[in-house]
Amino acid sequence: MRSLRLLALCCISAAPLLAQRVPVVPAGTSASPTLTPGITLGKLVFASGQLGVSREAGADTTIQAQTKRALESAKKVFEAAGTTMGNVGKCTVYLVDVKDFQGMNQSYREFFPDSPPARTTVVVAALVSPGAKVETDTEIDAWLRKVSVTAHHPASTCPMGVRADCVLDPVSRL
């Protein structure tokens, strides 16, 4: 009986190592050689860091607008993975100026009005994009609902290397 328990413990511990790593690329975005918008790994969903800058001329550059854009981008990644911002378990916010903390919180509360995730806010010297005031880094430990990925990828491809009718199946918690 003891060896059976040990075997079960080993199998449960190894489960995350055996989970398939699947890229998440929302419609209208693309992966690059150095960056994928998101990754699912078993029941986890990770969004790459999202900056709040905009390429549009005349875009609002306030901390509130940049925070909203950064979190909207993360939201698109999570929706493409088949989940929602309501399942975010952890968010790290990087600010260039500590004086922007309250303005960032104004927009942040719109995305997490009732039960916000655990959060760390860090003030940094700079971000990778000129003019960027905020970057968010979010992750979800959640059940994924069944979602068709064909709307997010070219007609005959799937991130799992299967035909266009592939789906990400629901993942249950251990």
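Colleague: What should I know about the model before I look at details?

Modeller: This is a predicted model, in which local features need pLDDT of at least 70 and side-chain atom pairs count only at pLDDT 80 or more, while totals for chains, interfaces and linings use all residues. Residues are numbered from 1 along each chain as its sequence is written, and side-chain values use heavy atoms, with hydrogens and water left out.

Colleague: What pLDDT does the chain average?

Modeller: The chain averages a pLDDT of 79, and 71% of the residues score at least 70; pLDDT is the predictor's confidence in each residue, from 0 to 100.

Colleague: Where is confidence lowest, and where is it highest?

Modeller: Confidence is lowest in strand S8 (residues 147-148), with a mean of 36, and highest in helix H3 (residues 101-111), at 97. Over residues 143-174 pLDDT stays under 50, and for these the model has 61 contacts beyond four places in sequence, a contact being heavy atoms within 4.5 Å.

Colleague: How many helices and strands does the chain have?

Modeller: The chain has three helices and nine strands, in the order α-β-β-β-β-α-β-α-β-β-β-β along the sequence. Helices (H or I, at least four residues) and strands (E, at least two) are DSSP runs, numbered from the N terminus.

Colleague: And which way do S1 and S2 pair?

Modeller: S1 (residues 21-24) and S2 (residues 38-41) pair in the antiparallel sense over four bridges, where pairing requires that DSSP finds at least two bridges between the strands. Arg21 has Leu41 in S2 as its bridge partner.

Colleague: What about S2 and S3, how do they run?

Modeller: S2 and S3 (residues 44-47) run antiparallel and are joined by four bridges, with Gly38 opposite Ala47 in S3. The two strands form a hairpin with two residues between them, and Gly42 in the turn has a positive phi of about 65°.

Colleague: Changing topic, which residues have the most contacts inside the largest nonpolar core?

Modeller: That core has 21 residues, and those with the most contacts inside it are Phe78, Met85, Val93, Met104, Tyr108 and Phe112. A nonpolar core is a set of buried Ala, Val, Leu, Ile, Met, Phe, Trp, Tyr and Cys residues joined through side-chain atoms within 4.5 Å; buried means under 20% relative accessible area, exposed over 50%, and partly exposed in between (1.4 Å probe, protein chains only).

Colleague: Which elements give two or more residues to this core?

Modeller: Those elements are S3, H2, strand S5 (88-95), H3 and strand S7 (134-141), and the largest share, six residues, comes from H2.

Colleague: What is Phe78 in contact with?

Modeller: Leaving aside neighbours within four places in sequence, Phe78 is in contact with Val45, Ala47, Thr83, Thr84, Met85, Val88, Thr138, Glu139 and Ile140.

Colleague: How many aromatic pairs does the structure hold?

Modeller: The structure holds one aromatic pair, formed by Tyr108 and Phe112, which is tilted, at 4.9 Å centre to centre and 45° between the planes. Rings of Phe, Tyr and Trp (its six-membered ring) pair if their centres lie within 6.5 Å; planes under 30 degrees apart count as stacked, over 60 as edge-to-face and the rest as tilted. Tyr108 is buried, with a relative accessible area of 4%, and Phe112 counts as buried at 6% relative accessibility.

Colleague: Which residues of H3 are buried, and what do they pack against?

Modeller: The buried residues of H3 are Gly103, Met104, Asn105, Ser107, Tyr108 and Phe111, and they pack against H2, S5, strand S6 (118-123) and S7.

Colleague: What does Ser107 touch?

Modeller: Not counting residues up to four places away in sequence, Ser107 touches Gln64, Thr67 and Lys68, and its side chain reaches the backbone oxygen of Gln64 at 2.7 Å. Ser107 is buried because its relative accessible area is 4%.

Methods: Polar contact = N/O pair within 3.5 Å; in protein donor to acceptor, adjacent residues only side chain to side chain.
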